[in-house]
Amino acid sequence: MPANRRFRNVIRIGPVQVATYYDDRGQEKHTAACTAPRCNTSADHDSRAAAELAAHTHRCPVR
């Protein structure tokens, strides 16, 4: 069954989108996902600051 996540507080830092959501246990989580073509980088973090830091320091792999 697919996860039904409602993202809120979405911002864009370069090609990376940072958003906040509640996981299936009801805990607040933060995600950083790159939207560039051929870059499948995404990660969940426990704090908003960690997700934004990941977005600021992200470098897409050169192909």
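Two strands are said to pair if DSSP finds at least two bridges between them, and the strands themselves, like the helices, are DSSP runs numbered from the N terminus, with at least two residues of type E for a strand and at least four of type H or I for a helix. The structure shown here is a predicted model, in which local features need pLDDT of at least 70 and side-chain atom pairs count only at pLDDT 80 or more, while totals for chains, interfaces and linings use all residues. Residues are numbered from 1 along each chain as its sequence is written, and side-chain values use heavy atoms, with hydrogens and water left out.

The protein chain contains one helix and four strands, and read along the sequence these elements follow the pattern β-β-β-β-α. The four strands form an open sheet in the order β1-β2-β3-β4, with antiparallel pairing. Strands β1 (8-13) and β4 (42-45) are the edge strands, each of which pairs on one side only. From one strand to the next the twist averages 20°; for such angles, axes are lines fitted to C-alpha atoms, for helices over the stretch in contact, and the values run from 0 to 180 degrees between N-to-C directions.

The next topic is burial. A residue is called buried under 20% relative accessible area, exposed over 50%, and partly exposed in between, using a 1.4 Å probe and protein chains only. Of the 63 residues of the protein chain, 29% count as buried. In soluble globular proteins, nonpolar side chains tend to be buried together. A nonpolar core is a set of buried Ala, Val, Leu, Ile, Met, Phe, Trp, Tyr and Cys residues joined through side-chain atoms within 4.5 Å, and in this model the largest one has eight residues, namely I13, V16, V18, A32, C34, C39, A51 and A55. The elements that give two or more residues to this core are β2, β3 and α1.

Aromatic rings come next. Rings of Phe, Tyr and Trp (its six-membered ring) pair if their centres lie within 6.5 Å, and planes under 30 degrees apart count as stacked, over 60 as edge-to-face and the rest as tilted. By this rule there is one aromatic pair. The ring centres of F7 and Y21 are 5.5 Å apart and the planes stand at 70°, so this pair is edge-to-face. Because F7 lies in the segment before β1 and Y21 in strand β2, the pair ties together parts that are 14 residues apart in sequence. F7 is partly exposed, with a relative accessible area of 45%, whereas Y21 counts as buried at 2% relative accessibility.

Charged side chains make contacts of another kind. A salt bridge is a side-chain nitrogen of Lys or Arg within 4 Å of a carboxyl oxygen of Asp or Glu, and by this rule the count comes to three. In one of them, E28 meets R8, with the closest N and O atoms 2.4 Å apart; this pair links distant parts of the chain, since E28 is in strand β3 and R8 in strand β1, 20 residues apart. Another joins D46 to K29, with the closest N and O atoms 2.7 Å apart. Because D46 lies in the loop between β4 and α1 and K29 in strand β3, that pair ties together parts that are 17 residues apart in sequence. D46 is exposed, at 60% relative accessible area, but K29 is buried, at 17%. The side chains of E52 and R48 also meet in a salt bridge, at 3.0 Å from N to O, and these residues, four apart in helix α1, are separated by about one helical turn.

The backbone deserves a last look. Most residues other than glycine have a negative phi. In N9, however, phi is near 55°, a positive value in a residue other than glycine, and N9 lies in strand β1. R38, also not a glycine, has a positive phi of about 65°, and R38 lies in the loop between β3 and β4.
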